[in-house]
Amino acid sequence: NTYDFGLVGLGVMGRNFILNVADNGFTAYGNDLDEEKVNALIEEGGDANKVNATSDVATFVQGLSTPRKIMLLVPAGKVVDIVIDGLLPHLDKGDIIIDGGNSFFTDTDRREAYLQEKGINFFGAGVSGGAKGARKGPSIMPGGSRDAYQHVKPIFEAVSAKYKGEPCVAYLGPKSAGNYVKMVHNGIEYGLMQLTSEIYDLLKKAGGLTNEELHETYASWNAGRLQSFLVEITSEIFEQKDDLGDGHLVDKILDKAKQKGTGKWTSQNAMDLGIPVPTIDVAVSMREISALKEERVKADEIYDRPTPETVVKGSLTAKAEQALYFAFIITYAQGMHQLADASKEYGYELELGEIAKIWRAGCIIRAALLADITEAFKANVGLQNLLLSPSFVDKVQETVGAARELVAYGATNGIPLPGLSNALTYFDAYTSSRLPLNLIQAQRDYFGSHTYERLDKKGIFHTEWDE
Ligand code: 6PG
């Protein structure tokens with residue numbers, strides 16, 4: 001008896017993913033060093049002919065049909081290398097290892113080259129959707145050898161989330177394309193999360209919305225064009241009562257946000273590529289500022305801050321909806337722009353329309369907007385920036401006014417809206433045919449003879465400014 005699919009790492013994600021594989025008619029075999037996890041899966045799986053598990057690597061590998069398809073759902077970093085080295089002596093040429101974690105893309109390139117020498121195919125496949133997604137249908141972002149993908153495709157298409165019947169998985173490109181796309185997915189995730197949280201702050205401080213009202217507001221947004229997983233769970237968060245005391249849980253949670261690195265990597269790599277993603281950058285910075293809780297408490301005592309002027313709830317929530325929609329568009333635009341550039345830089349051959357398409361369901365950044373983004377990139381394969389798509393002009397034009405008003409309000413009333421204001425600044429700068437950076441060029445040439453180009457003449461110029 002051999003199993004169709006193998007999975008190493010039977011934590012919550014791994015266990016759920018393997019049960020999902022089995023639900024879809026494939027037999028699956030799990031492996032974990034931890035006997036307790038092995039037994040938990042055997043018990044939950046029920047029929048050992050369909051789902052089974054072992055803590056012994058050799059037994060595990062021998063129990064799989066060839067070419068073997070082995071997915072790893074283990075913590076990113078050293079563990080991935082250790083697991084690979086443990087599997088290697090038991091594998092045959094042509095076998096396939098799929099790393100389903102949030103591995104850094106250059107690690108994936110290194111591992112692919114290492115395994116290629118040994119005749120093993122390696123995939124970096126981002127998996128999004130949390131534990132529930134793994135169980136019921138995640139969005140999967142695989143990159144690696146196109147030929148080898150054919151062996152994995154039927155299983156991934158069966159287990160992935162479906163958007164109107166279409167699977168939320170597609171072969172994305174060679175090498176680390178899958179991990180790179182997942183990294184930028186997470187950067188966008190950071191941006192959208194920052195935006196939903198600062199709009200909450202605004203609604204609370206400027207409009208005095210209660211948690212019940214916040215719940216209703218986000219729920220009503222989720223019924224409209226802002227429909228998205230993050231807006232949906234936000235509305236549910238405001239309903240949650242504190243299980244350890246009175247009131248709502250959200251008010252008891254310490255305001256220090258943790259991070260595991262993918263958002264930061266997105267920003268860092270965007271800097272390396274020279275692609276601006278300021279909404280994502282500031283989302284990372286805000287998590288860092290949030291971590292400085294003790295300093296913030298001290299500084300709050302030292303400095304005066306304006307008392308926010310009350311705004312009528314109805315008009316505030318209407319504007320907030322528009323501004324959030326505007327900033328969501330800008331965040332996706334920045335992420336897609338980064339993907340377009342990375343594709344050229346790293347030879348990923350990414351199709352942005354395909355990426356937006358597999359993000360329409362299953363993943364954390366799924367949103368109604370992604371159907372429009374998919375169409376925009378499908379209609380124009382070479383689209384440089386979402387803001388240049390004719391189908392987005394009206395959406396942006398209609399909502400940017402609200403973003404301006406709220407950013408101005410936030411600045412006057414001392415409510416930080418860094419995601420929204422950076423989205424607006426990005427928009428204003430990106431849509432300016434002339435920026436004052438001519439002055440920067442003049443300064444560079446003045447103090448360092450760095451030269452400049454001219455608007456009216458071709459060539460490279462230098463001026464002796466202080467003569
Ligand atoms: C997903 C998520 C997931 C990520 C968490 C936590 O797509 O399912 O992106 O992969 O690990 O969102 O990320 P942080 O701990 O960095 O917030």
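Which residues of helix 2 (residues 35–45) are buried? I looked, and they are Lys37, Val38 and Leu41. For my own reference, buried means that 20 or more other C-beta atoms lie within 10 Å of the residue's own, exposed means 12 or fewer, and partly exposed is in between, with C-beta atoms placed from the backbone.

Before going on, I noted that this is a predicted model, where local features need pLDDT of at least 70, side-chain atom pairs count only at pLDDT 80 or more, and totals for chains, interfaces and linings use all residues. Residues are numbered from 1 along each chain as its sequence is written.

**Helix 2**

I then looked down the axis of helix 2: its buried residues fall within an arc of 105°, so they line one face of the helix. The arc is taken from the directions from the helix axis to the C-beta atoms. On the other side I found Glu35, Glu36 and Glu43 exposed. Helix 1 (12–23), strand 2 (28–31) and strand 3 (51–54) are among what covers the buried residues. Just past the end of helix 2, I spotted Gly46 with a positive phi of about 80°.

**Domains**

I checked the domain assignment next, and it gives domain 1 (5–175), domain 2 (182–430) and domain 3 (435–467). The C-alpha centres of domain 2 and domain 3 are 37 Å apart.

**Around the ligand**

Which residues come nearest to the ligand? Of the 13 around it, I listed Ser128, Asn186, Gln259, Lys260 and Ile364. Helix 8 (177–207) and helix 11 (262–273) are the elements giving two or more residues to this shell. Domain 1 and domain 2 each supply at least three of the shell's residues.

Definitions and conventions: Helix = DSSP H or I, 4+ residues; strand = E, 2+ residues; numbered from the N terminus. Contact = placed C-beta atoms within 7 Å. Domains from an automatic or database assignment. Near = placed C-beta within 6 Å.
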